[in-house]
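Sequence and coordinates are shown first.

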Amino acid sequence: MNFELSEDQRAVLDAVDRLVERHRTTLAVPERCHYSVELERALEAVGFFDCMTIEELGTVTACASVMAVARLPLCAEAAASSLIAPWLCPELPRPFALLWNRDDAPTRYLPVARTVIRVRGDSVDVASIGTEHVKHVDSIFAYPMGVLRSASSLPWRTLPNADATRVRNFWRIALAAEITGCLDAALASVLEHVKDRRQFGRPLGSFQAVQHRLAECATLVEGAKWLTLKAASTGTALDAALAAGRAQDIATRISYDLHQFMGAMGLTLEHPLHRWTYRTKLLRADLGGPDSQLIAAAQAAWPETHRNAIEGIAS
Amino acid sequence: MEFNWSDTEQGLREKVRALLLRELPNDWEALSRHGPGSRAQTEFSLAFCPKLAAEGLLVPHWPTEHGGRAAPPWEHFIIGEELWAAGEPRGAQYMNVNFIGQTLMRYGSVAQKAQYLPQMAAGQSIWCQGFSEPSAGSDLASLTTRAERHGDAYIVNGSKVWTSYAGLAQTCFLLARTGGPGKGGIAIFLVPMRTPGITVRPIPSLIGVGDIHEVFFDNVAVPESARLGAEGQAWPIIGYALSHERVGIARYEFSRRVLDRMVRLLQARGLFERETVKLRAGQALAACEAARMLVYRVVDQRARGLPPSADANLARVAVVAADNAVADFCVNYLSDTLSGDDFPLHLSHHERAIAAGVASGAAEIQLNLIAHDYLQLPREARP
C-alpha cells in the first residue's frame with residue numbers, strides 16, 4: 001500500500017497542472033460552455049494523451065491528468081483520449097465521442113469529434129466523422145453537444161478484438177475522474193467565495209452551518225477521488241464501478257450545497273460554477289447513472305455464484 | 001502508488017486470521033456481544049493479548065526497546081483490521097496499542113515508561129480515558145476536575161462521565177485542571193484506579209453492557225511523578241493522542257465484514273435479487289470503501305513520517321457515515337435479525353454505529369476541524 005506518486009508521475013502531473021493553469025482564462029463573453037481547441041492541441045503536443053501506455057506513468061497518471069483537465073472551467077476532450085483510445089484505437093484521430101447503445105442521442109463532444117466510438121452489447125465499432133455528420137444541439141449541459149445526422153450511413157468498422165467490458169470499466173474510471181475533478185474545482189471556487197463574501201458583518205464561511213456542509217462536501221470529494229485513483233491503479237471491474245457509482249451518487253448533494261453557498265452569483269453565466277455543475281449533471285447520468293454503477297459494484301462484490309457456498313448461513 | 005497488499009502484508013493478515021481461528025472460542029460472537037468493555041471480553045483479552053504478544057502481533061509497531069520491532073504502521077493497521085472486525089479480542093487493550101502507548105513513549109518520564117509500557121506490551125494492562133465530564137463533552141477544554149498541588153502530590157476532586165472501560169480498568173489517563181481556565185490550565189495524570197477516593201458507577205447504555213461509566217474523584221491523592229508532561233502542557237499531548245485515536249479503530253473494516261455477512265444472508269434468503277437491495281448494498285459498500293481510502297491516506301502519511309494533519313478528521317467523518325450506512329442497510333432489509341440473540345454481530349455493529357459519531361469526539365467537532373484546518377475557513381465568532 002503506497003499513496004505516493006512516483007517522481008515521474010509527479011513531474012508529469014506538475015507539467016499538466018502548469019499547462020492547465022495557462023488555460024484558466026476568464027472568458028470575456030459569458031457562455032454556458034467553452035470548448036478549448038487550444039488546450040486540446042497543447043495537451044496533444046506534449047504527449048499528454050500517451051501517459052497510460054508509458055510504463056512509468058500508467059493509468060494512474062492518465063486518470064489524475066483527466067481530473068486536472070476537468071478542474072478547468074473550459075472543457076477539452078481528454079477522458080476517452082487518455083483512458084480508452086491508447087489501448088483501443090491508438091491509430092485513430094482524436095477528439096473522440098462515445099456512444100452507448102443508442103446512436104441517436106445527443107452526445108457530448110460529437111460536434112468536435114473526429115472519431116466516434118460506439119458500444120452496443122459486446123460490439124465496439126468506430127467511425128471517422130467530420131462536422132458534416134453532426135448536427136449541433138443546444139444544451140443546458142456545459143459540453144459541445146450534438147447528434148449524428150445519419151448514424152446508419154457512417155462507415156462503421158467493428159474492432160475485431162475489442163473488449164466492450166473493458167471499455168465500460170475504463171469509461172467508468174474516466175467518468176469518476178471527470179466528476180471528482182469538476183466537484184473539486186467547484187468546491188474550491190465556492191470556498192474562495194465564502195471566504196470573501198461578507199454578510200451580517202462577517203464572512204459567509206465563518207458560519208458553522210456553512211462550514212459543516214462544506215466540510216462534508218470535502219470529505220465526500222476526497223473519498224471519491226481516492227476511490228478513483230485506486231480504480232485506475234487496480235483496473236478491476238469492482239473498483240471501477242464503485243468509483244463511478246460513488247462519484248455519481250454524491251454529485252447531486254454537493255452541487256446543491258455549492259450553489260446554495262454561491263447564492264445568486266452562482267446563477268449568473270459570469271461565474272464559472274455553472275459549468276462544473278452542468279458538466280457534472282451530464283456525467284452523473286452517463287452509463288445509466290449511479291444506480292447502474294452501484295448495482296454493478298454490488299454484483300461484482302457479491303456474485304451470486306457464492307450463494308451455494310453460503311446457504312448454511314440462513315439456517 | 002500501490003493499492004494492493006505486499007506478500008509480507010498479506011502473510012501477516014493470514015497469520016492473524018489463523019491465530020483467530022485457533023484462539024477464538026465457538027461462542028465468540030455471543031461472548032463479544034457487549035463489546036470491548038464487558039467483563040467477559042476484558043477477561044478474554046487478558047488471556048488473548050499475551051498470546052498475541054508471544055506471536056509478535058501486539059506491539060509490532062513499537063520500537064524494539066519497548067518490546068516491538070519498529071514495524072511499519074501498516075502492519076499495526078492490518079492487525080487492527082482483523083481484530084476489530086472479529087469483535088476485538090484485545091478488549092479495551094486496543095487503546096494501549098493504538099494511542100496510549102505511543103503517547104507515553106513520546107511524553108512519559110523514564111519511570112512512567114518503565115512502569116506502564118512493559119505491561120502493555122505483555123497484554124496485561126487495561127486503561128480508561130478520564131476525559132469527558134458532566135459539563136465538558138465536546139468543549140473538553142472547559143473541564144473542571146481539579147488537581148490541587150500539596151507538596152509533591154496533587155489532590156484530585158471532580159467527576160468524569162461516559163468513561164469507556166472504567167469498570168475494569170487498572171489505570172486512568174486523567175485530565176484535570178491544575179491552573180486557570182482553558183486549554184493552558186490542564187495537566188494529565190496516570191492514576192491507578194485502585195487509588196482511594198475513586199468511585200466507578202456503570203451507566204446503563206445503548207452500546208453494550210459495561211461500556212460507559214461515571215467516575216468520581218473524592219480527595220484522590222496522586223503523586224507528582226504520575227503527571228504526564230508539565231502542568232498546562234496537556235493540550236498538545238491530547239492532540240497527539242487523539243490524532244492516533246481518530247483513525248485507530250478499523251470501523252470501516254468491521255462495517256465491510258458485517259455488510260458482507262448481511263448480503264450473504266440476503267442471498268441465502270433469496271432476497272438479494274431485487275435491484276433496490278443491490279443498489280443500497282452498493283451504496284453502503286461505496287461508503288465503507290471511501291472511508292477505508294481516507295483512513296489509509298492517514299496511515300500512509302504516518303508511514304512516511306509526516307506530522308498528523310486534518311486528513312484524520314476527514315477519515316473520521318467518512319467512517320461514521322460508513323458505519324451508519326451499513327447499520328441502516330441492516331434495518332432496511334434485515335430488521336428481524338436485530339431482535340433476539342441469533343445475530344449478535346448485527347446487534348453489536350448496530351450499537352457501535354450509533355456510538356461512532358459521538359465517541360472520541362463528536363463528528364461535528366471533526367467538521368469544525370476540517371473547516372478550519374483543511375478548508376482554511378475563518379473561525380466562527382464565539383461569545
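## Basis of the contact counts

Two residues are taken to be in contact if their C-beta atoms, placed from the backbone, lie within 7 Å. The model is predicted, and every contact given below is a property of the predicted coordinates.

## Domains of chain B

The domain assignment divides chain B into domain 1 (7-125), domain 2 (128-232) and domain 3 (246-374). Between domain 2 of chain B and domain 3 of chain B, the C-alpha centres are 30 Å apart. Four residues of domain 2 of chain B are in contact with seven residues of domain 3 of chain B. On the domain 2 side of this contact, two residues are nonpolar, two are polar and none is charged.

## Overall form of chain B

Chain B contains twelve helices and eight strands. Its radius of gyration is 21 Å, close to the 21 Å that the globule rule gives for 383 residues, so chain B is as compact as a globular protein of that length. The C-alpha trace of chain B spans about 70 × 50 × 45 Å along its principal axes.

Of the 383 residues of chain B, 53% count as buried. Among the contacts in chain B with a separation of 6 or more, 73% are between residues 24 or more positions apart.

## Overall form of chain A

Eleven helices and nine strands make up the secondary structure of chain A. Along the principal axes, the C-alpha trace of chain A extends over about 65 × 65 × 40 Å.

Buried residues account for 50% of the 315 residues in chain A. When contacts in chain A between residues at least 6 apart in sequence are considered, 69% join residues at least 24 apart.

## A three-stranded sheet in chain A

Chain A has an open sheet of three strands in the order β2-β6-β5, with antiparallel pairing. β2 (107-108) and β5 (134-137) of chain A are at the edges and have a single partner strand each, so one side of each is left without a neighbour in the sheet.

The pairing of β5(A) with β6 (residues 145-148) of chain A is antiparallel and runs over four bridges. In this pairing, His136(A) stands opposite Gly146(A) in β6(A).

## Interface between chains A and B

Which elements of chain A supply at least two residues each to the side that touches chain B? The interface brings 49 residues of chain A into contact with 44 residues of chain B. The elements concerned are α6 (164-196), β9 (202-203), α7 (208-234), α8 (237-262), α10 (289-301) and α11 (307-310) of chain A. The most is given by α7(A), with 17 residues.

By class, the side of chain A that touches chain B has 25 nonpolar, twelve polar and twelve charged residues.

## Backbone geometry

Most residues other than glycine have a negative phi, and most peptide bonds are trans. Arg94(A) and Pro95(A) are joined by a cis peptide bond, with omega about 0°. Pro95(A) is in the loop between α5 (85-88) and β1 (96-100) of chain A.

In chain B, Asn219(B) has a positive phi of about 50° although it is not a glycine. Asn219(B) is found in strand β7 (residues 212-223) of chain B and is exposed, with 10 other C-beta atoms within 10 Å. Gln376(B), also a residue other than glycine, has a positive phi near 55°. Gln376(B) is placed in the segment after α12 (363-374) of chain B, and with 11 C-beta neighbours inside 10 Å it counts as exposed.

## Confidence in chain A

The average pLDDT of chain A is 93, and 95% of the residues score at least 70. Over residues 310-315 of chain A, the pLDDT is below 50. Beyond near neighbours in sequence, this stretch has ten contacts in the model. Where pLDDT is low, the predicted coordinates should not be read in detail.

Technical notes. Residues numbered from 1 in each chain as written. Chains lettered and ligands numbered in written order. Predicted model: local features only at pLDDT ≥ 70, side-chain atom pairs only at ≥ 80, totals over all residues. Buried ≥ 20, exposed ≤ 12 C-beta atoms within 10 Å, placed from the backbone. Domains from an automatic or database assignment. Nonpolar A, V, L, I, M, F, W, Y, C, P; charged D, E, K, R; others polar. Pairing = 2+ DSSP bridges. pLDDT = per-residue confidence, 0-100. Rg over C-alpha atoms; globule rule 2.2 N^0.38 Å.
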